[in-house]
Structure formats: C-alpha cells, structure tokens
Amino acid sequence: MKIGKLVSAVGMMGCMAMAIPAIAQDIKLGVIAGMSGPGTSYGIGIRQGAEMAVKEINAAGGIKGRKISLVIADDASDPAQSVTAMQRLVNEPVDLVVGGFGSSQVLANMDVAERAGMPYIVVGATNPNITTNKNKWTFRVILSDSIQAEQIAEVAVKRLGMKRIAVINDANDYGVGNRNVFLARLKKLGIEPVAVVSYQSADKDFTAQLSRIREANPDGIAVFGTVPAAPAIMNQARDLGIKARFIGTGGLANEELMTLAPKASEGTVLTTYFNEDVDPEAKAWANRYVKEFSGSSQPPHPVLAAWEYRAIKFIAAPCLESSGTDKDKLRQCIGHWKGKIFGVPGEAYFDKTGQLIQQSVLVEVVKGAFQPFKGK
Amino acid sequence: MFDQLFIGGLATGCIYAVVGLGFTLVYRTLRMVNFAQGQVFMIGAFLGLVTAERAHLPALPLLFVVSAIAFALGMVLERLVFRRLYHSHEVFIVGTIGLGIVLTNVVRVFFPGPVPFPKIFGSHVVQIGTARFQETYVWVVISTLVLVVLLHAMFTYTRAGRALRAVAADAEIAGTVGVNVNRTIALTFGLSFAVAAIAGVLIGPLYFVSFDMGDMVGLKAFSAAVFGGINSIPGTILGGLAIGVLENLAGGYISSAYKDLVAFAILLVMLIWRPTGLLGRDMPVKV
C-alpha cells in the first residue's frame, strides 16, 4: 500500500510538473477487455462505447480544454493475459481505466489496479467478489450476480410458473457465482432443481450435460454462461429435442445470442444491463450508436457498449471535470457519485463496496430481438 | 441417455481419430510429432468456411476442395518450414508448437470471434432409439470410414503408398533403392494436412468455428494417437473413438465439469498398463 501511495504521489508530481508548460496534455483513458478470444463480441462493444463517448466529449471541447485519448488493451479474454494488459495500462500510465469484461479476467486484473492505486470502473463483470469491502479503487456499474440471479429465480417461479428447473453453468467465476445465488433463492422458494450440470468455457460439445438435463425432463433451463457457449447449448438442446424455455442473467445479454442461435434462443427470459425501450433517451442513444458503427467490419453490440458509454459520459467525465486527474480525488468523486443515467429507471448511486445500486431490467427474446419482458 | 452419450461420443471420437491420423502419418515416416496438427485442423475449418461462403459448394466438392488446398499447404510448409526442423526431434517439437501459435494468431487477426458455419451437411435431426442428433454426425462417421479405407488402399496398392511405407521402415535404404525420400516426406505432410482439414470441415457445422478450436482437439487427437499406438492407423482410430466415448460417458454419469479429468485418468492407467498403446508395436531402435 505504501509503495502504491508513493507511486501515485510521484505520478501526481509528474503530472503537475508537466501541467505547467503543456496546458493541453491529453487525459489518458484506459480501456481493457477481450477484443479477441471467446469474449470478442462483448469486448468490441466496450471499445465502441468508449470510442463514441470520447469522440463526443472531445468534440464538445474536452475536459477543461484537455482532450481525452484512449489507450486500448486487449486481454484476449484470458485471465492471465488480462493481468499483463492491466499492467501495461498502469505503466503507460493512464489516468483511469473504464472497461473490463469477464469475471475471471476482472478478478485477476483488478488486483493490479488496486496495488497501483488506479481508479477502475468495471462495466462487464458480475461476480459478487469484485465489489466487497476489500476493493478500494475498483467500482462496478453493472449489477452483480447476487442481484440478477435472485431476480431471475423469482421470475422463473412466480411469473413463468416453472416447477422443474434444470441448471447448466460455466465452471468459471461468472457461472458458479450465478448458480450458487440462483440455487439458494430457489431453495427459499421451495423448489429443488431437477438437474445441475456444468461445463468448461472452451467446451464445444454439450451432449453429455444436455443428455442429463433431458432425462430430468425440465420445464425451464437456467443457462449461466456467455457467448459462444450459451447459444451452442441452446442449439444443441433443441437438436436433442429439449423444448424447455431458457432463462438466464447478464451473460446472455449479447446480440450474438440471436445471431448464433436464431431459433433456439427465442423466448429466453433474462436480466440485462441495458434495453433501449426503457426510456426515449436510451432509444435515441441506441439509434445513434447503431448508425455510428453499422458501417464497420464488426456489427454493433449495444449491450455493454451502453454501459461503457454511460460510465465514461455520466460518471468518469464529470469526476475528471471536478477532481482533475489526481487519482485519489478521482476515486473519492466516483465513490460519492449519484445521479440519473438514461436506460436506468430511477436514481443510481454507489454503495460502500463500489457497486452501483440501480433497478435492473428484464427482457425476453422475441422475434430475434431483446424486448422488455411483459409476462404476468 | 446411454445411446445419446455413446453415439455423440463416437462422432466426437471420429474427429479426434481423423486429426490423430495426421499425427500418426507424420510419426510413422519421421518418428516425430507435429504439434501444429490441431491448428491445421482449425485452418481446415476456416478454409471450409471461406470456401463455402464464396463458392457455395455442396458438401462433397467442398470436402474435396478443402483437402486439396490443405494438401498443397502441407507440401509448401514442408518445403519452407518442416524440412528445416526435422533434423532433430526437440527442434521439430518446439518449431511445430511455434508454427501452431503463428497459425492461430494469423486466423485471430481475421476472425477475432466465433463464427457460425453454414449447415452444409443439412440441418435435419436423425433419431436412433432415444438418441437424437444432427445429420452432420452421420457424415462425420461415414467420412471417417471412407478416409480410413482410402488411406489403407493407398498404402497397400499405390506406388506413393509403398514409398511411404519404405521410408517409414528405413529412410536411408529406401533412398538407396531409388525412392525419392524428400518427396515422400513432403507427401506425408500433405496427407496429414488434408485429413486434419477434412476433420475441420466436418466439425464446423456442428459447432461455431473459432481460432482457438484446434488447441483442445489437437491435444485430444494426440492422446488418441498415443492411446491407440501412435505408429498404428487402426490404433489411432480406436484411440479416438475410445476417448470420445469415455469423456461423454464420464460427463453424463460421473461429473460434467470434470469429464476431461475422468477420461484422461482412465487413459493414464491404460498407458501404464500398455505403454505402446492399444495396438501399437515396439519399434526397435536402429543403429
């Protein structure tokens, strides 16, 4: 910790010394995520959200006349490489980091940020252990598994009327975290799962797991995983003749779900981080976003892009404006932030653990698109 | 449930077996292991993807075109890379691991994320007893059988096949009796690339294709080859099928998260019991 303080103090003096002659020193904003590997579709969304927010801020004159420049670090969706990528951002040095996809990656790389005293706003990882009382520099804007998994358990039992629920989860931090919270809530609701199976993130063939689920004859299947495994599971389940409806949490909130499992994903109900139909501003943003990126080689992926954009525009930028690039002041400003963000009903605020408290959004896949869930 | 696990395992096992054949072919000729074999399988899947999307070929011509391209690629890479590496087994191993990483990352530049593969083998579901599976599974099994028969026929009845066997038995003597050893070795690599690429096209429509798909399959195919006896073609096929079925049964009946562990623990015990593999023979070291 002492070394961390010393490093940030030296960094601060460096910044002040530089600030006197060069008035328009760029603010460096680090973006970390898997822009290759299994998490690509999430990581590209994060990068696009950052690009869009920074472009708008710079076009409007920047932060007190200083432009923001992006430093992008691809962690290849791999926890080990994620540590190296974060180290690179710390060495750069960037002024803060907004990004992060995948619980296993973030749990690994937040350690580097914590030790270096680097303000880090996480947009794409949901394991409850990311925001505890131990993290001082790490904040999170999307809801953690504990809230999402509890909510989807309630919805499954009370609104979808599921009685025979099967669970298939990724054996990583995201999948196991979700499964545990989900099963605990089911138990409180008086329901025992008919099958609980897991898989490894890189698995391609799920016959073994799905055969067991088929034997159990479920009326609902909770999938706690991400793309590309989740849509592969859905496709293979339908091939095996399993007709049960799928439910899940934010891992499924990715437009690739419908691209990779166009028929099988239909009817899936899930908690999500962003839906454009929540309010008119969200709709307007989504239209602008899709317009901006539909020409590029990668199709637009709005879900995490929306959070990256909003975290920069509504939280990071105002704090940079009021606190400058002093890392400790920046951290305190983020920790005390509260306000309204488009797409989030009501007011949002950070709790003591650095988790942004907010109302979550429930959607259903209807005709290949996420739509607000309208069930009973 | 048993039917489903067993048949599913057989199909996956066929893929391990066919990729494993690539290991076996090179090993028989050079007594060396090409660790880029899994990546060649991945390259085959992407060759299939690109060809299918550009040329809209039906399944059989597509398999033929992809294996021909892969064959040529194998010959070219033999000339440029492998020939400079196979003077020592250690160099060859490290060199091929490096080549594998290069191939993976070249594909990663163009296809950073998983891509759906066109359903070239149809998307009907076939039912046998209580087991249901995609038509593609049938293709996988039949193609494996056809490949084995073709390879066997080639080794037994053609001049090139006899040359391969001669070089496998003793390269020096084969050279003195007029076999073009360099060309025969190049042919070996061409063949090993072609079979791995066919496996890539076969598996494409079942799953999505991604640049990292070859890593685990390569490892399992290598295990299949060793398990069955790396110098034996029937052994490799048997090894592939055994691993495919074992891991599926382990996943279904014991633990889905640890299906690899269970399959490989059994494998380890088998290898302690039979170090040369199921059908492998001890190869005397020549002096």
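Two strands pair if DSSP finds at least two bridges between them, and the strands themselves are DSSP runs of type E with at least two residues, just as helices are runs of type H or I with at least four residues, both numbered from the N terminus. Strand β1 (residues 125-128) of chain B is joined by four bridges to β2(B), and the two run antiparallel. Within this pair, B:Q127 stands opposite B:R132 in β2(B). Two residues lie between the strands of the hairpin of β1(B) and β2(B), where B:G129 takes a positive phi near 60°.

The model is a predicted one, in which local features need pLDDT of at least 70 and side-chain atom pairs count only at pLDDT 80 or more, while totals for chains, interfaces and linings use all residues. Residues are numbered from 1 along each chain as its sequence is written, and chains are lettered from A and ligands numbered from 1 in the order in which they are written.

Strand β2 (residues 131-134) of chain B also shows two faces. In a regular strand the side chains alternate between the two faces of the sheet. Here B:A131 and B:F133 point one way, B:R132 and B:Q134 point the other way, and all are buried. A residue counts as buried if 20 or more other C-beta atoms lie within 10 Å of its own, as exposed if 12 or fewer do, and as partly exposed in between, with C-beta atoms placed from the backbone.

Helix α6 (residues 159-169) of chain B has sides of its own. B:L164, B:V167 and B:A168 are buried in this helix. These three cover an arc of only 105° around the axis, so they sit on the same side of α6(B); the arc is that of the directions from the helix axis to the C-beta atoms. The face turned away from the buried side of α6(B) carries the exposed residues B:R159 and B:A169. Among the elements that cover the buried residues of α6(B) are α1 (2-30), α5 (135-157), α7 (171-176) and α8 (181-203) of chain B. Contact between two residues means that their C-beta atoms, placed from the backbone, lie within 7 Å.

Turning to chain A, twelve helices and 15 strands are found. The radius of gyration of chain A is 21 Å, close to the 21 Å that the globule rule gives for 376 residues, so the chain is as compact as a globular protein of that length. This radius is taken over C-alpha atoms, and the globule rule is 2.2 Å times the number of residues to the power 0.38. The C-alpha trace of chain A spans about 70 × 45 × 35 Å along its principal axes. Of its 376 residues, 55% count as buried. Among contacts in chain A with a separation of 6 or more, 68% come from residues 24 or more positions apart.

Chain A is divided into domain 1 (2-143 + 279-361) and domain 2 (146-272), with bounds that come from an automatic or database domain assignment. The C-alpha centres of these domains of chain A lie 30 Å apart. Contacts link 15 residues of domain 1 of chain A with 18 residues of domain 2 of chain A. On the domain 1 side, the elements that give two or more residues are α2 (40-59) and α4 (103-116) of chain A. The most comes from α4(A), with three residues.

Between the chains, 26 residues of chain A are in contact with 25 residues of chain B. On the chain A side, α2, β7 (195-199), α7 (207-216) and α8 (229-239) of chain A give two or more residues, and α7(A) gives the most, with six residues. The residues of this side divide into eleven nonpolar, ten polar and five charged. In this count Ala, Val, Leu, Ile, Met, Phe, Trp, Tyr, Cys and Pro are nonpolar, Asp, Glu, Lys and Arg are charged, and the others, Gly among them, are polar.

Four bridges join β14 (residues 361-366) of chain A to β15 (residues 369-372) of chain A, and the strands run antiparallel. A:V366 stands opposite A:A369 in β15(A), and A:V366 is partly exposed, with 14 other C-beta atoms within 10 Å.
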